[in-house]
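Trainee: I have a chain open here and would like to go through it piece by piece. Can you take my questions as they come?

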Amino acid sequence: VFGTRVAMGAAKEPVEAPLAKPAMPPSSSRGAPPPADPELEKVLAKRRAAALAKLPEMRRRFAPDGLDNAAASFCTDATLLRYLEARDGDLDKASAMLRATLKWRQGRGLDVRQAGACAACARDPTSHCFIPIGTDKRGWPVVYSCAARASDKGVDSSIEHLSTTLDAIFAGGAGPGKMVWIVDMKGSGLREMDPKMGSTLTPMFSNHFPERMGQVLILDAPAMFGVLWAAVAPFVDVVTKRKIRFVRRLKDKADYYATYFSHDQAAFLGALRNVRTAPGSFPETEFRAVLQSAERERSTTSSESKSSEEAPGARADTALTV
């Protein structure tokens, strides 16, 4: 999946030191899990209300008959809402932001490239480690990444891989939804913490994939990560910073996994501790199980989407279900 080769290792992670963090919300035995940050949810709800109020005018500005085919396909109601939310309902700012993204996508060839296709991974399956592993209990797609498990550290190559993977997850970038990005920093050294990578990818996510991040879970950040964070932090808005959670202690990981992740996802993440950190190196049994689970989810979602589109009067694009 996405050009990842499996290898086995045996090195175990050392005992983890405590890391201060906000209290973990209690796990819910029924229904959806609790929000990780209730106060942030209130802020996001206000953003959504402001965006919905401006959606009709935004739609007039980006009417399909005034766009080429690629732009018209990308500019769904879901897309327009994301850009409005990112700019707190300011029509002019949201419009300028979206136009910049359309130009960026055209320049990167995203509108003509197959979603999920990565030239580097076609040559070497261990090139990148940015892997969709299904959805969490909130229904958010989960992506696992680990720079130390990727052989290609190039910035431009990473941009290509991340952007095409996100397009594959979110229906060519036009679909609704947020995601959980797991950033595993186990085994990361100076090579993996290049400030140029962080200062390039962070604006890319902020400017061209706004409102996609539901949660960024950073595992096992080493002390030297502070240097990279200092370079990246100025590009991260206040709301996004609230979505970032640093987790290191085993108990904190276990609590988060049990609250938000499926059994297969939690088993995979837990088993990574017993595998050496190297390109293409994963716990074979758990890795296969989580990918098979993710594939079943994709098949089910695809079937349901097709049935919905074929139903009389069905709308493939609706703002109220974003």
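Trainee: Ala171 then: buried or exposed?

Mentor: Ala171 counts as exposed, because its relative accessibility is 60%. The cut-offs are under 20% relative accessible area for buried, over 50% for exposed and partly exposed in between, with a 1.4 Å probe and protein chains only. Before going on: this is a predicted model, where local features need pLDDT of at least 70 and side-chain atom pairs count only at pLDDT 80 or more, while totals for chains, interfaces and linings use all residues. Residues are numbered from 1 along each chain as its sequence is written, and side-chain values use heavy atoms, with hydrogens and water left out.

Trainee: Where is the place of Ala171?

Mentor: Ala171 sits in the loop between H6 and E3. Helices (H or I, at least four residues) and strands (E, at least two) are DSSP runs, numbered from the N terminus. Ala171 is not a glycine, yet its phi is positive, about 50 degrees.

Trainee: Which residue other than glycine has a positive phi near 55 degrees?

Mentor: That is Asp220, in the loop between E4 and H8. Asp220 counts as buried, because its relative accessibility is 7%.

Trainee: How many helices and strands are in the protein?

Mentor: Twelve helices and five strands. The protein has 322 residues, of which 46% count as buried. Among contacts between residues at least 6 apart in sequence, 81% join residues at least 24 apart; contact means heavy atoms within 4.5 Å.

Trainee: OK, the sheet. What is the order of the five strands?

Mentor: The order is E1-E2-E3-E4-E5, in an open sheet with mixed pairing. Two strands pair if DSSP finds at least two bridges between them. Strand E1 (130-135) and strand E5 (244-247) are the edge strands, each pairing on one side only. From one strand to the next the twist averages 20 degrees.

Trainee: In which sense do E3 and E4 pair?

Mentor: Parallel, over six bridges, between residues 179-184 of strand E3 and residues 213-219 of strand E4. Val180 has Gln215 as its bridge partner in E4, and Trp181 stands opposite Val216 in E4. As for cover, seven of the seven residues of E4 are buried.

Trainee: Which helix packs on the sheet, touching E1?

Mentor: Helix H11 (residues 263-271), which also touches strand E2 (141-145) and E3. The direction of H11 makes about 145 degrees with that of E1. Axes are lines fitted to C-alpha atoms, for helices over the stretch in contact, and angles run from 0 to 180 degrees between N-to-C directions.

Trainee: And helix on helix: at what angle do the axes of H4 and H7 cross?

Mentor: Roughly 120 degrees, and the axes of helix H4 (residues 91-108) and H7 come within 9 Å. That makes H4 oblique to H7. Angles under 35 degrees count as roughly parallel, over 145 as roughly antiparallel, 65 to 115 as roughly perpendicular and the rest as oblique. H4 makes the contact with Met97, Ala100, Thr101 and Trp104, and H7 with Met204, Ser206, Asn207 and His208.

Trainee: Which residues touch the most other members of the largest nonpolar core?

Mentor: Phe130, Leu166, Met179, Trp181, Met204, Phe205 and Ile218, out of 27 residues in that core. Helix H6 (155-169), E3, helix H7 (195-208), E4 and helix H8 (225-232) each give two or more residues to this core. A nonpolar core is a set of buried Ala, Val, Leu, Ile, Met, Phe, Trp, Tyr and Cys residues joined through side-chain atoms within 4.5 Å. Another core, of 25 residues, lies apart from the largest one and includes Tyr256, Phe282, Phe287 and Val290.

Trainee: What is Phe205 in contact with?

Mentor: Leu162, Leu166, Trp181, Pro210 and Met213, leaving aside neighbours within four places in sequence.
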